[in-house]
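Open the model in your viewer and keep the selection tool ready.

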Amino acid sequence: MLKNAKEVFADSLKKMLEKKTLDHITVKDLVEDCGVTRQAFYYHFSDIYALVEWIFIEEASAALANNRDIDTWQQGYCRVLQRMKKNKNLVLNTYRSISREYLETFMYKVLYQVIFPVVEEQAKGLNVEKRHKEFIAHFYSLAVVAMGIDWVRTGMKEDPEEIAEQVAVLVKGDFQKVLKQYAT
């Protein structure tokens, strides 16, 4: 199967991250490795961080497919962690670079997209204002991101399945409980 240009750039970046952090990789390094012009890179991405975001989004989209309800969201979270572990060098070297908040922001966006629909689903039949549902999703997204970032910070040693299971145990039933508190 032929790879598209974005996939070629992604593979090149992942290979380079085996040896150095993201902040030490340049567009020049990437285009030389791929044998293309800088213009070819900039046709697809505005900078290296846009490439990193594309990689993360591609990985997360595949991991989260059909995992956006109360029974499956933790499976999606587990798959995100598994894909992060599979791309350990990309994740760790992004985290270790000067832009580690980028990883935090990305993880938050991904998890909020999973958690908010779960909150919405659990709120059916309850009269809960949208701002309260958004706050609940925001709170739990931040908590789950903090667990993921701590996992990355400590070298991604624990099994993703164990982390996802522990998080699921902590929040099981909490969405309904909190939503009932906010219901008018």
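Accessible areas here come from the Shrake-Rupley method with a 1.4 Å probe, and for residues only the protein chains shown count as cover. By that method the protein exposes about 10300 Å². Carbon and sulfur atoms supply 52% of that area.

This is a predicted model, in which local features need pLDDT of at least 70 and side-chain atom pairs count only at pLDDT 80 or more, while totals for chains, interfaces and linings use all residues. Residues are numbered from 1 along each chain as its sequence is written, and side-chain values use heavy atoms, with hydrogens and water left out.

**Whole chain**

Show the cartoon. The protein has 10 helices and 0 strands. Helices (H or I, at least four residues) and strands (E, at least two) are DSSP runs, numbered from the N terminus. From that end the elements read α-α-α-α-α-α-α-α-α-α. Along its principal axes, the C-alpha trace spans about 60 × 35 × 35 Å.

Next, colour by burial. Buried means under 20% relative accessible area, exposed over 50%, and partly exposed in between (1.4 Å probe, protein chains only). Of the 184 residues, 43% are buried.

Two packed helices are described by the angle between their axes and the distance between the axes. Axes are lines fitted to C-alpha atoms, for helices over the stretch in contact, and angles run from 0 to 180 degrees between N-to-C directions.

Select residues 48–64 for α4 and 88–96 for α6. The angle is about 135°, and the axes lie 12 Å apart. The two helices are therefore oblique to each other. (Angles under 35 degrees count as roughly parallel, over 145 as roughly antiparallel, 65 to 115 as roughly perpendicular and the rest as oblique.) The crossing is left-handed. That term applies if the near helix is turned anticlockwise from the far one by less than a right angle; clockwise is right-handed.

V52, I55 and F56 of α4 meet L90, V91 and T94 of α6. This contact divides into 5 nonpolar residues, 1 polar and no charged. Ala, Val, Leu, Ile, Met, Phe, Trp, Tyr, Cys and Pro count as nonpolar, Asp, Glu, Lys and Arg as charged, and the others, Gly among them, as polar.

Move to residues 130–153 for α8 and 174–182 for α10. They pack at about 145°, with axes 10 Å apart. Their crossing is right-handed. On the α8 side, pick H132, K133, F135, I136 and Y140. On the α10 side, pick D174, F175, V178, L179 and Y182. The contact residues divide into 7 nonpolar, 1 polar and 2 charged.

**Single residues**

Stay in α8 and select F139. Is F139 buried or partly exposed? F139 is partly exposed, with a relative accessible area of 46%.

Jump to K109 in α7, residues 100–122. K109 counts as partly exposed, at 45% relative accessibility. Its C-alpha atom is 19 Å from that of A168, 59 residues away along the chain.

Finish at M156, in the loop between α8 and α9 (160–171). Most residues other than glycine have a negative phi. M156 is not a glycine, yet its phi is positive, about 60°. M156 is buried, with a relative accessible area of 1%.

Notes. Contact means heavy atoms within 4.5 Å.
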